[in-house]
Amino acid sequence: SHEEQVHDGVSLANEVLADVQKRFDGHADDGMKTGFSVLDSDVLPNGIERGQLVVIAGRTSMGKSAFANTLALNMARDYSVLTVSYEMTKKQLSRRSAATLGRIPQRFLQVGFNENDDDTWERLTVAMDEMSKRRYNIAERVGRTSLSVASVARKHQRVHGLDVLVVDHLGLMRHETDRKSDNTASAIGETTRQLKQLAIDLDIVVVVLVQINRAGAGEV
C-alpha cells in the first residue's frame with residue numbers, strides 16, 4: 001500500500017521548471033544510462049527515466065534475451081537489477097553472463113575447455129570478478145502472473161533495493177482478467193498495464209521482452 005498524494009498547480013509548475021533547468025545544465029538525475037554507447041548518445045541521451053515500461057520486441061532467435069541480459073549487466077554497474085526469466089534457467093543466464101563479461105564463446109563454457117588454455121581461464125577469472133562487483137540478480141521459480149512478478153519485485157526492493165526489473169518474456173506469462181468475455185489480446189494488454197503500474201509504484205524501470213510473429217503482431 002502507498003499513501004496518496006495530491007500536488008497543486010504551483011508545486012507542479014515549480015517542479016517542471018526545476019527539472020528543465022537541471023536538464024539544461026546537464027545535471028538531470030533521473031535518467032539511467034544503458035551502457036550501450038549508441039543508445040546513450042543518440043537515442044536516449046537523458047537515459048531511461050524511472051516509472052517507464054521499456055518493451056524489447058523481436059521475432060524468434062533475433063537476440064532479444066542476449067540483448068536484455070547485456071543491458072542488465074551494463075546497468076548493474078550503477079543500479080540494482082533483477083531479472084525474471086521464463087525463457088532460461090539460472091545456470092543458462094549465469095553462463096551467458098560470464099561469456100559476455102569475459103568475452104568467451106559460450107560453447108567453451110558449455111562443453112569445457114583445455115585446462116592449459118591460460119587465456120580463457122584468465123578471461124573467466126575476470127568475468128567472475130566483474131559479476132561479483134555488479135548488482136545483478138536472478139529470481140528463480142517466480143509465478144507466471146504479473147502479481148507474482150510484482151510480489152518478488154517489491155520484496156527485492158524492500159530487502160536489497162531495486163532500480164531495474166527485466167522480464168523475459170511476456171508471451172510465457174499467464175495473463176488473467178476479471179472479465180470472462182475478454183480475449184487473449186486484452187488479457188495481455190492488462191498484464192502490460194500492470195507491469196507499467198509496477199514501474200510507477202516502485203519508481204523503477206521495467207524492461208519486458210515481447211516475441212512477435214512474422215506479421216509483426218505479438219505472439220500469445
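Biologist: What makes Asp-201 and Arg-154 a salt bridge?

Modeller: The closest N and O atoms of Asp-201 and Arg-154 are 3.6 Å apart. The cut-off is 4 Å, between a side-chain nitrogen of Lys or Arg and a carboxyl oxygen of Asp or Glu. The pair is within that cut-off, so it is called a salt bridge. Keep in mind that this is a predicted model.

Biologist: Why is it said that the pair links distant parts of the chain?

Modeller: Asp-201 is in helix H8 and Arg-154 is in helix H7. The two are 47 residues apart.

Biologist: Are Asp-201 and Arg-154 buried, exposed or partly exposed?

Modeller: Asp-201 has a relative accessible area of 32%. Arg-154 has 37%. Buried needs under 20%, and exposed needs over 50%. Both values fall in between, so Asp-201 and Arg-154 are called partly exposed.

Biologist: How many salt bridges does the structure hold?

Modeller: It holds seven. One of them joins the side chains of Arg-123 and Asp-119, at 3.1 Å from N to O.

Biologist: Where do Arg-123 and Asp-119 lie?

Modeller: Both are in helix H6, residues 118-133. They are four residues apart, which is about one turn of the helix. Arg-123 is partly exposed at 34%, and Asp-119 is partly exposed at 43%.

Biologist: What makes Glu-130 and Arg-134 a salt bridge?

Modeller: Their side chains meet at 2.7 Å, N to O. That is within 4 Å, so the name applies.

Biologist: What does the side chain of Ser-85 reach?

Modeller: It reaches the backbone nitrogen of Met-88 at 2.9 Å. A polar atom of the Ser-85 side chain also lies 3.2 Å from the backbone nitrogen of Glu-87. Leaving aside neighbours within four places in sequence, Ser-85 is in contact with Leu-93 and Asp-168.

Biologist: Why is Ser-61 called exposed?

Modeller: Ser-61 has a relative accessible area of 74%. Exposed means over 50%, so Ser-61 is exposed. Ser-61 lies in the loop between strand S3 (53-58) and helix H3 (64-75). Its phi is near 65°, a positive value in a residue other than glycine.

Biologist: What makes Arg-141 exposed?

Modeller: Its relative accessibility is 78%. That is over 50%, so Arg-141 counts as exposed. Arg-141 is not a glycine, yet it has a positive phi of about 50°. Its place is in the loop between strand S5 (136-139) and H7.

Biologist: Which residues have the most contacts inside the largest nonpolar core?

Modeller: They are Tyr-86, Val-149, Leu-165, Val-167 and Leu-170. This core has 22 residues. Strands S4, S6 and S7 each supply at least two residues of it, and so do helices H7 and H8. H8 gives the most, with five residues.

Biologist: Which residues does Leu-170 touch, leaving aside its neighbours within four places in sequence?

Modeller: Its contacts include His-175, Ile-188, Leu-195 and Val-208.

Biologist: What does the second core include?

Modeller: It is a separate core of 21 residues. Among them are Leu-101, Ala-127, Val-205 and Val-207.

Biologist: How many helices and strands does the chain have?

Modeller: The chain has eight helices and seven strands. Of its 220 residues, 36% count as buried.

Biologist: What share of the contacts between residues at least 6 apart in sequence join residues at least 24 apart?

Modeller: The share is 69%.

Note on methods. Residues numbered from 1 in each chain as written. Predicted model: local features only at pLDDT ≥ 70, side-chain atom pairs only at ≥ 80, totals over all residues. Heavy atoms only, no water. Core = buried A, V, L, I, M, F, W, Y, C linked by side-chain atoms within 4.5 Å. Buried < 20%, exposed > 50% of the residue type's maximum accessible area, 1.4 Å probe, protein only. Contact = heavy atoms within 4.5 Å. Polar contact = N/O pair within 3.5 Å; in protein donor to acceptor, adjacent residues only side chain to side chain.
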